[in-house]
Amino acid sequence: MSELLPLPSLQDRVAVVTGASRGIGRAIALHLGAIGAKVAINYARSAAEAESLVEEIAALGGEGIPVAADVSCPEAVESLFAQVMERWGRVDVLVNNAGMARDTLLLRMKPEDWQAVLDLNLTGVFLCLKAAAKIMVKQRQGRIINITSVVGLVGNAGQANYSAAKAGVVGLTKTAARELASRNITVNAVAPGFITTQMTEKLDPGPILAQIPLGRLGSPAEVAGLVRFLAADPAAAYITGQVFTIDGGMVMS
């Protein structure tokens with residue numbers, strides 16, 4: 001008879017989700033909290049939304065705390081993880097979701113717009129990954145999921161900074177996966193396509209839908225479901241260094 005794996009659970013486990021107050025990050029935090037995780041909800045400015053999310057997680061039977069931090073700042077990241085360790089004493093899951101976009105054509109892009117996007121979308125991932133890995137190495141277990149983008153795989157006009165940062169996340173993911181595997185720490189990336197969030201609501205859907213075989217935008221909950229699998233499912237324990245596209249078939253390699 002074949003061995004049956006246990007059902008996914010994060011009971012008594014601690015997850016840190018960056019950029020968690022809205023959109024994809026919010027959905028991820030809810031999905032992890034719903035299966036028992038204690039969730040640190042990182043946010044930069046949206047304190048009221050973070051507090052509301054804590055209440056939603058509690059209603060699902062989970063526990064959450066809001067933690068303000070600009071993850072592009074080393075001192076803020078250090079404080080973020082110190083607060084989590086003081087509260088719960090461990091970190092089992094890190095979801096690097098915080099990000100921003102400042103779109104314009106390459107020849108019009110200002111150096112400060114290039115740098116701001118790289119600082120948050122790439123350096124922020126590095127800083128949080130490093131901080132979490134230090135804790136997980138001592139625990140000899142952990143799961144790290146970095147949110148990249150299909151734009152980091154194929155490029156997109158008007159998003160040189162965003163594409164470069166997200167492509168960098170892919171390389172960082174693969175390197176970290178190799179370095180941390182011996183300590184039973186998996187590192188994977190999730191690359192969403194066009195998802196219904198505040199970042200996409202202003203876009204003209206016509207040209208976008210023409211690129212998507214499934215003919216619709218994805219939902220934050222669908223991305224969160226994939227992240228939940230990588231973070232909690234026993235079947236994901238043998239997966240590391242991979243990039244999972246969730247884009248309705250827009251990018252097929």
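Author: Let us begin with N184, which is found in the loop between α6 and β6. Helices (H or I, at least four residues) and strands (E, at least two) are DSSP runs, numbered from the N terminus. The model is a predicted one, in which local features need pLDDT of at least 70 and side-chain atom pairs count only at pLDDT 80 or more, while totals for chains, interfaces and linings use all residues. Residues are numbered from 1 along each chain as its sequence is written, and side-chain values use heavy atoms, with hydrogens and water left out.

Reader: What is the phi of N184?

Author: Most residues other than glycine have a negative phi. N184 is not a glycine, yet its phi is positive, at about 65°. D12, in the segment before β1, is another non-glycine residue with a positive phi, near 70°.

Reader: Does D12 count as buried or exposed? I ask also where the limits are set.

Author: Buried means under 20% relative accessible area, exposed over 50%, and partly exposed in between (1.4 Å probe, protein chains only). D12 counts as exposed because its relative accessibility is 52%. By contrast, V169, in helix α6 (residues 160–180), counts as buried because its value is 0%. S163 is also found in α6, and its 10% makes it buried.

Reader: Which residues are in contact with V169, leaving aside its neighbours within four places in sequence?

Author: Contact means heavy atoms within 4.5 Å. On that basis V169 meets N121, L122, V125, N146 and T148. For S163, with neighbours within four places in sequence again left aside, the partners are V151, G152, G155 and N156.

Reader: How should I read the order of the strands in the open sheet?

Author: Two strands pair if DSSP finds at least two bridges between them. Here seven strands form an open sheet in the order β3-β2-β1-β4-β5-β6-β7, with parallel pairing. β3 (63–68) and β7 (243–246) are the edge strands, each pairing on one side only. Direction ignored, neighbouring strands of this sheet are turned by 20° against each other on average.

Reader: How many bridges join β2 to β3?

Author: Strand β2 (residues 38–43) runs parallel to β3 and is joined to it by six bridges; one example is V39, whose bridge partner in β3 is G64. Helix α1 (residues 23–34) packs on the sheet, where it touches β1 (14–17), β2, β4 (93–96), β5 (142–147) and β6 (185–192), and its direction makes about 175° with that of β1. Axes are lines fitted to C-alpha atoms, for helices over the stretch in contact, and angles run from 0 to 180 degrees between N-to-C directions. α4 packs on the sheet as well, touching β4, β5 and β6, with its direction at about 175° to that of β4.

Reader: Which residues point one way from β4, and which the other way?

Author: V93 and V95 point one way and L94 and N96 the other, and all are buried. β4 is parallel to β1, with three bridges between them, and parallel to β5, with four bridges. V95 stands opposite V17 and also opposite I145 in β5.

Reader: What is the kink in α4?

Author: The bend at a residue is the angle between axes fitted to the seven residues ending there and the seven starting there. In α4 (residues 111–139), a kink of about 35° is centred on T123. D113 belongs to this helix and counts as buried because its relative accessibility is 19%. Not counting residues up to four places away in sequence, D113 touches R102 and N161.

Reader: At what angle do α3 and α4 pack?

Author: Two packed helices are described by the angle between their axes and the distance between the axes. Helix α3 (residues 74–88) packs against α4 at about 35°, with the axes 10 Å apart. P74, V77, F81 and M85 in α3 meet L127, C128, A131, A132 and I135 in α4.
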